[in-house]
Every structure is written in structure tokens, then in C-alpha cells.
Amino acid sequence: MYSQGITKGKNREGQAHARLLFECLFVSFFLCYAQIRESRVLILPTLLLFLIVVIASCRKEAVLCTLLYFLPWSPLLKMQSGGTSFFTIALGIVCLYYLVKDKFLLELYQLILPAVLLALTMVAKGLQGNSFSKSYLLFFLMLFLFPCVAKDAVKNDFYLLTVFFALGIITAALTAQKAAGYGNISQYINVASYLDITRLSGYYGDANFYCAQITACLSGTMLGLVKEEKAAKRALLAALSFLLLYCGLLSASKSFIVVGAAEFFVWILLSMERRNRGSVKVRILAGILLTAAVVLSSSAFQTLLAMVNERFSFASDLSGLTTGRTDVWANYCKVLSYHPKLLLLGEGFSNVTLDVLYNKASHNSIIQGIYQFGLLGFFVLLWWMRDLFREMRAFVKGKEDWKAVLLLCAGTVLPWMGLDILFFDELFLFPAFIMSGILYFSDRKEEA
């Protein structure tokens with residue numbers, strides 16, 4: 001009787017997740033249709049329905065699944081191009097929901113560290129003459145309240161998180177590819193073309209941000225291929241990995257190739273561990289060979305690989321390989337070294353760049369962190385992140401598998417070395433994704 005009860009419970013849970021996935025798919029595809037029609041009468045109800053789905057997923061303890069699914073769709077979740085994304089509004093609502101759910105109880109670091117960083121940024125804004133903005137207020141709302149949401153990561157099935165995230169990326173990338181020629185929605189789709197290269201990036205204006213989502217999700221599918229024992233789950237993860245690879249190559253991004261290669265190397269080390277059964281190793285190796293054969297024999301993949309190869313051929317030095325990023329990094333470091341106040345306190349989290357660089361962003365999250373918060377504030381932000389992960393550590397029995405941690409960090413954090421991540425929602429969602437992945441691959445305590 002007890003085992004039957006467990007089976008029925010799992011079946012009900014599986015049905016609930018299937019319904020949630022259907023709701024996410026319905027909202028995203030109807031949103032795409034509404035944006036193509038340029039109909040506010042359709043767009044507004046769809047955006048409100050999106051908020052309802054997000055709030056309902058909080059009650060199902062699956063809000064991270066929903067948020068990760070819609071992350072690639074977030075630029076489209078607007079009434080009009082240039083407006084506020086309802087995804088950001090949803091994040092604020094989720095934070096408030098979990099604050100109420102936790103009966104307004106906050107950890108000490110949630111209060112002290114954001115308060116210290118708030119004080120430092122206000123002083124920096126006063127010294128630099130920078131104004132306040134909505135993004136500034138939302139950032140500190142997330143600092144204070146997002147740990148309440150992150151605690152939910154320990155209750156989420158990482159396999160489901162990865163599947164939802166992957167389907168969100170794939171559906172956004174493929175619908176954007178097909179809808180690029182339609183009226184209003186083309187405002188949200190950036191197609192960069194030069195010479196024989198056409199770069200697609202879903203609904204994101206930047207191909208590298210788009211690829212950062214794909215590499216993060218790939219680290220999840222790779223982890224699942226090693227961890228999962230059911231053949232059906234491994235088959236689904238393998239299929240999703242294949243489609244993610246295709247979507248990533250659509251961007252012709254050099255960083256996607258570099259990060260993907262790093263992930264693959266760590267994944268091989270993880271897959272070949274002794275604790276995996278020999279038959280599993282054989283199946284993994286067979287899957288790698290089959291995927292390589294399909295990629296090399298497919299004309300679609302050959303065209304995409306040729307574009308990537310052409311982009312690498314343009315790189316005659318380190319600056320060319322990084323598309324000028326090393327020059328930007330050097331200029332930012334030079335300016336920071338010449339201005340002690342800026343180095344110590346930063347710009348106070350203000351949407352400004354260095355004029356001497358023709359308003360170019362730093363293209364590196366560490367440099368951006370120091371430029372925005374100064375050495376003092378960036379240290380406080382890193383301390384906040386450490387304490388966030390410390391809460392997750394309480395649920396781990398023994399030590400984490402360092403290869404699994406390295407794989408997750410390679411997919412999620414490594415791309416940040418070529419991006420400015422501080423003003424984007426990924427700064428909060430990806431650490432939650434990493435936390436869930438570490439718990440998924442670790443021995444867990446029954447009680448924390």
C-alpha cells in the first residue's frame with residue numbers, strides 16, 4: 001500500500017509538471033503569434049497569463065522551471081519594443097511571494113550585505129554625479145529577496161529544470177528563426193550578416209548572451225547524461241543536447257565553441273569516472289560517435305560549422321580572436337588604475353560606460369563589477385554570493401564532486417568573462433541553477 005501511494009504521488013507530480021510545461025508552451029507560442037499580429041488586444045492578456053502561470057508555479061514549487069523556460073523569451077515579454085519586460089516584473093512578484101511564504105523572515109546576510117552595498121553605491125553615485133534608475137532599485141530588491149527564491153532550488157528536480165530550460169531555448173531560437181521576416185516581431189530579432197556569415201540569436205540582440213544561456217543549459221544536459229539511470233531520460237537529454245548544439249551554432253559565436261569545448265573536456269572526465277558502470281561508458285562513447293557522425297554528415301551543420309570556421313580565420317592575434325575585447329579590457333584597467341576613487345567605489349551601479357571607449361561596455365563581468373561597485377562593493381557582492389551558496393551547502397552530505405561543479409561553472413560562469421552580466425537576470429537565476437545542479441549530483445542529507 002505504501003509503495004502504491006508513492007507511485008500515485010509521483011504520477012500526480014509528473015502530470016502536474018506536464019501541465020505546467022504545456023502552459024509554458026501555450027503562452028510562449030501565443031505570445032509569438034500576438035507579437036506577429038502586432039495586436040495589443042492579444043499581447044496584454046498573454047502577458048497577464050504569463051504572470052498567472054509564474055505565480056501558479058510558485059505554489060507547485062516549480063517556479064525555477066517556469067522562469068528558466070521563459071528566460072530566452074524575456075525580450076519578447078513586452079507590450080512594445082523598448083518597454084519593460086514582464087519577465088522582470090514576474091521576478092519581483094516571485095520574490096515578494098516567497099518573502100510572504102517565509103513569513104518575512106530573512107537571513108542576516110540578506111539584510112546586512114545588501115544594505116552595505118546600497119550605502120556604498122549611493123556614495124559612489126554622489127561622487128560621480130550619476131542618477132538613480134529602475135534597474136538600480138530592482139537590483140537591490142533582488143539582492144534582498146532573491147535568496148528566499150533560491151532556497152526553492154533544493155526542492156526542484158534538476159532534471160526538470162534542465163528540460164524546461166532547454167525547451168525554452170530551443171522553441172525561442174527556432175520560432176525567432178522562422179518569424180524574423182514578420183512585421184512587428186522583427187524588432188525583437190537581430191540578424192547580423194556580413195560576408196557569407198549570418199548570425200542568429202533568438203530574441204536576444206546579442207549572440208553571446210544567447211549562447212551563454214545555451215552553454216549553461218548544456219552543462220545541465222551533460223550532467224544528466226552521466227547521472228540519470230533511466231534510458232528514456234538519457235535519450236531525451238541527448239536529443240535536447242543535439243538541438244542545443246544546433247541552436248548554438250546558428251549564432252556563429254566563437255565563445256560558444258570555446259566554452260563548449262571546455263564543457264566537453266570536463267564532461268569526458270566526469271563520464272569516465274570509475275563509479276560509472278562499463279555499459280554506461282560504452283553507451284556514452286557510442287552516443288558521442290553517433291552525434292559526431294550526424295554533425296559531420298549533415299549539410300545544415302556543415303554550413304554552420306563553415307561560418308564558425310570563417311570567423312576564427314579572421315583572428316590573426318589575441319585581439320582578433322576576442323573580437324577586440326582584450327583592447328577594451330586594457331583600456332578599462334588603465335582608466336581604473338588612474339582614478340583611485342573610481343577603483344575604490346565605482347560608478348554606483350549606473351548604466352554608464354567609459355566615454356574614451358566610445359561608450360563600449362567592458363565585456364567582462366569582473367571588470368564590470370569593479371567598474372560599477374569598486375573594489376569595496378565588488379567584494380561585498382562576492383560575499384553575498386558566497387553566503388547564498390553556503391545555504392545550499394547545508395543540504396550536501398560529504399563533499400561535492402568537483403568535476404560536476406567545474407562542468408556547471410564552465411557552462412554558466414565562463415561565458416561571463418566575455419560579457420557584462422550585472423544588469424541581466426542571469427546574475428541571479430544562473431547561481432540558482434548551479435546550486436540545484438550541485439545538489440542533484442551530490443549525496444544529500446535527509447534534513448538540513
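## Helix H2 and the residue after it

Glu61, which comes just after H2, has a positive phi of about 55°. The structure described here is a predicted model. Most residues other than glycine have a negative phi.

H2 itself covers residues 40-59, 20 residues in total. From its first C-alpha to its last, H2 reaches 29 Å, close to the 28 Å expected at 1.5 Å a residue. Its buried residues are Ile43, Thr46, Leu47, Phe50, Leu51, Val53, Val54, Ser57 and Cys58. Viewed down the axis of H2, these buried residues fall within an arc of 155°, so they line one face of the helix. An α-helix has 3.6 residues a turn, so residues three or four places apart point the same way. Val41, Ile52 and Arg59 are exposed on the other side of H2.

## Positive phi in two loops

Phe104 is a residue other than glycine with a positive phi, near 60°. Phe104 sits in the loop between H4 and helix H5, the latter spanning 108-128. The relative accessible area of Phe104 is 56%, and this residue is exposed.

His363 is not a glycine either, yet its phi is positive, at about 55°. This residue belongs to the loop between helix H15 (340-345) and H16. His363 counts as partly exposed because its relative accessibility is 24%, a value that falls between the limits of 20% for buried and 50% for exposed.

His363 and Gly418 are 55 residues apart along the chain, but their C-alpha atoms are separated by 4.9 Å.

Ser365 lies in helix H16, and with a relative accessibility of 6% Ser365 counts as buried. A polar atom of the Ser365 side chain lies 3.0 Å from the backbone oxygen of Trp416. The side chain of Ser365 also reaches the backbone oxygen of Leu419, at 2.8 Å.

## Arg234 in H9

Helix H9 comprises residues 231-249 and includes Arg234. Arg234 has a relative accessible area of 14% and is buried, since buried means under 20%.

## The largest pocket

The largest pocket holds about 1200 Å³ of space. Its lining consists of 50 residues, and those nearest the centre of the pocket are Thr88, Ser135, Phe423, Phe424 and Asp425. By class, the lining residues divide into 20 nonpolar, 23 polar and seven charged.

Helix H4 (86-101), helix H6 (134-150), helix H8 (207-227), helix H14 (325-338), helix H16 (365-393) and helix H18 (426-441) each supply at least two residues of the lining. Of the helices, H6 gives the most, with five residues.

Technical notes:
Residues numbered from 1 in each chain as written. Predicted model: local features only at pLDDT ≥ 70, side-chain atom pairs only at ≥ 80, totals over all residues. Heavy atoms only, no water. 1 Å grid on protein atoms, 1.4 Å probe; cavity = no way out; pocket = protein on both sides within 12 Å on 5 of 7 lines; lining within 4 Å. Points joined across faces, edges and corners; volume = space filled by probe spheres on them. Helix = DSSP H or I, 4+ residues; strand = E, 2+ residues; numbered from the N terminus. Nonpolar A, V, L, I, M, F, W, Y, C, P; charged D, E, K, R; others polar. Expected span 1.5 Å × (residues − 1). Buried < 20%, exposed > 50% of the residue type's maximum accessible area, 1.4 Å probe, protein only. Arc of directions from axis to C-beta. Polar contact = N/O pair within 3.5 Å; in protein donor to acceptor, adjacent residues only side chain to side chain.
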